Amino acid sequence: MSRLIVIEGHEGQRRQLAEQLAALSEKGFALAGKLEAGTAFRDWKELFASTGARGLFDARTVTVAEGAEALGPFPDELASILEGDEAESVVVATFAGDTRKIFSRETLALKRILFLKAEASVPPWKRKDWLLGLARERGCRLNPAAAALLGESLESQEEL
């Protein structure tokens, strides 16, 4: 049937969504659409029913449901039809906040749902080292004084 990827609301949500869409595109998934939950779909059943119908030329599709908290609690009966990495269609659901109120404990325990949580924030006194580590990971050189200045100047970790 479909795979479900859940992205909790936080500062880096847009970046995580873009990374997931890029990774799925590399695996051959075509973007079927980015739709506002609650207006394009009334509930979870309607969302999954529409993603099950693929286009003529797209064997693998991904649908983004923005503001998925508008769909209400996730029905436990839908959990049994979810698939893992082998699924031909993927639903990426973005939320404005925490998802614990949407999913039951049984559903949260499933390994077939990928939950992308908010990344841990870096405290101000560790930002310099964090920035230097990011630069090293990406093959860039960053002056330690510049990293310290950036860490002190910018409040948003996502901007950093």
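Is Lys45 buried, partly exposed or exposed? Lys45 counts as partly exposed, at 45% relative accessibility; buried means under 20% relative accessible area, exposed over 50%, and partly exposed lies in between (1.4 Å probe, protein chains only).

1. A word on the model. This is a predicted model, in which local features need pLDDT of at least 70 and side-chain atom pairs count only at pLDDT 80 or more, while totals for chains, interfaces and linings use all residues. Residues are numbered from 1 along each chain as its sequence is written, and side-chain values use heavy atoms, with hydrogens and water left out.

2. Salt bridges overall. Searching the whole structure turns up six salt bridges, each a side-chain nitrogen of Lys or Arg within 4 Å of a carboxyl oxygen of Asp or Glu. Side chains of opposite charge can pair when their charged atoms come close.

3. Lys45 and its partner. Lys45 forms a salt bridge with Glu77, at 3.1 Å from N to O. The pair links distant parts of the chain, 32 residues apart: Lys45 belongs to helix α2 (residues 44-52) and Glu77 to helix α3 (residues 76-79). Helices (H or I, at least four residues) are DSSP runs, numbered from the N terminus. Glu77 is partly exposed too, at 47%.

4. A bridge within one helix. Arg15 and Glu19 meet in a salt bridge at 3.2 Å, N to O. They sit four residues apart in helix α1 (residues 13-26), so about one helical turn separates them. Arg15 is partly exposed at 27%, and so is Glu19 at 44%.

5. Arg42 with Glu46. Here the closest N and O atoms of the salt bridge are 2.8 Å apart. Arg42 is exposed, at 66%, whereas Glu46 is partly exposed, at 26%.

Terms used
Helix = DSSP H or I, 4+ residues; strand = E, 2+ residues; numbered from the N terminus.
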